[in-house]
Amino acid sequence: MSFLAIDIGNTRLKWAQYASPQPGAALLAHGAVFLETIDELAEKEWRELAPPHSMLGCVVAGEAVRRRVEEQLELWDLTPRWVVSSPREAGLVNGYDHPARLGADRWVAMIGARGHVLARGPARPALVVMIGTAVTVDAIDREGHFLGGLILPGHGIMLRALESGTAGLRVPTGEVMPFPANTSDALTSGGTYAITGAIERMRRHLRERSQGEEPLVLITGGAGWKVAPYLDMPHELLESLIFDGLLNIQSHRLAL
Ligand SMILES: Nc1ncnc2c1ncn2[C@@H]1O[C@H](COP(=O)(O)OP(=O)(O)OP(=O)(O)O)[C@@H](O)[C@H]1O
Ligand SMILES: CC(C)(CO)[C@@H](O)C(=O)NCCC(=O)O
Ligand SMILES: [K+]
């Protein structure tokens, strides 16, 4: 009963086919395409795929993109289903003022993260960091309540904003340095430390809220591996957090 998981971000669509809709199921195939090329999925990447039996996706790129992907899914006999953030799902409770306004990618990644927390032992607080087009840093307490989170520009958006908002900043990528001494290094380091600084701050908030207990810090997203080396705290890089969340949700829904 193979299962297709789809994550449509603001830059790329990522997909993964699993042997079944269960956490830990075998990964059969996966891929990623830029949103500019999603209209070719059925005739290219998905053409040779064994037909999936079910699918679940999460999309933050808007209605129009979602509809274009649904057209590609017509290749198979599937009902397209997309996660909408809700007050509670798969054991996680949503503390957003308006739960449905929380980005579906954040909600799904947190559900994936909660699964990892519980699989590792006694429940503990968790920080879920997604580093993609935008960066989000979301806090979950020991009981599985999403408390709130930060949204900040990703590295690429930060650099483009600086380029368009100043006269003198248009330089190649530099290196991350403690004391950057040229413009390229200053920009690259500034972007990286803006992200790690936000993570450190939220970790502090969550630790204080949790009577000093250290949260499990989970990092995901296309640029997670670039930022993780500069993060001064124990953490784990899990590329598949959104897919893990989609597997969790689908298996919970089937069990209801
Ligand atoms: N050195 C860096 N550090 C952090 N982020 C970077 C760095 N270089 C590039 N980036 C940004 O990381 C983002 C990663 O893009 P990528 O498409 O891999 O992420 P993604 O998780 O697929 O995004 P989305 O899900 O939003 O589509 C790009 O938007 C780019 O701006
Ligand atoms: C913040 C992003 C862009 C991160 O991908 C996405 O989750 C989103 O569009 N969220 C909607 C707004 C919110 O989460 O409050
Ligand atoms: K994303």
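Arg-106 is located in helix α2, where helices (H or I, at least four residues) and strands (E, at least two) are DSSP runs numbered from the N terminus. The model is predicted: local features need pLDDT of at least 70, side-chain atom pairs count only at pLDDT 80 or more, and totals for chains, interfaces and linings use all residues. Residues are numbered from 1 along each chain as its sequence is written, and chains are lettered from A and ligands numbered from 1 in the order in which they are written.

Arg-106 has 25 C-beta neighbours inside 10 Å and therefore counts as buried (20 or more other C-beta atoms within 10 Å of its own; exposed, 12 or fewer; partly exposed in between; C-beta atoms placed from the backbone). Not counting residues up to four places away in sequence, Arg-106 touches Met-130, Thr-136, Asp-138 and Gly-149, a contact being a pair of C-beta atoms, placed from the backbone, within 7 Å.

An unreviewed UniProt entry lists Tyr-96, Gly-103, Ala-104, Asp-105, Arg-106 and Thr-183 under "binding site"; positions follow the numbering used here, feature names are shortened, and annotations may be inferred rather than shown by experiment. These residues span 88 residues in sequence, with the farthest two C-alpha atoms 39.0 Å apart, so they do not all gather at one spot. Gly-103 occupies the loop between β6 (92–94) and α2 (104–120) and, with 21 C-beta neighbours inside 10 Å, counts as buried.

The chain contains six helices and 11 strands. Of its 256 residues, 36% count as buried.

Note on methods: Two residues are in contact if their C-beta atoms, placed from the backbone, lie within 7 Å.
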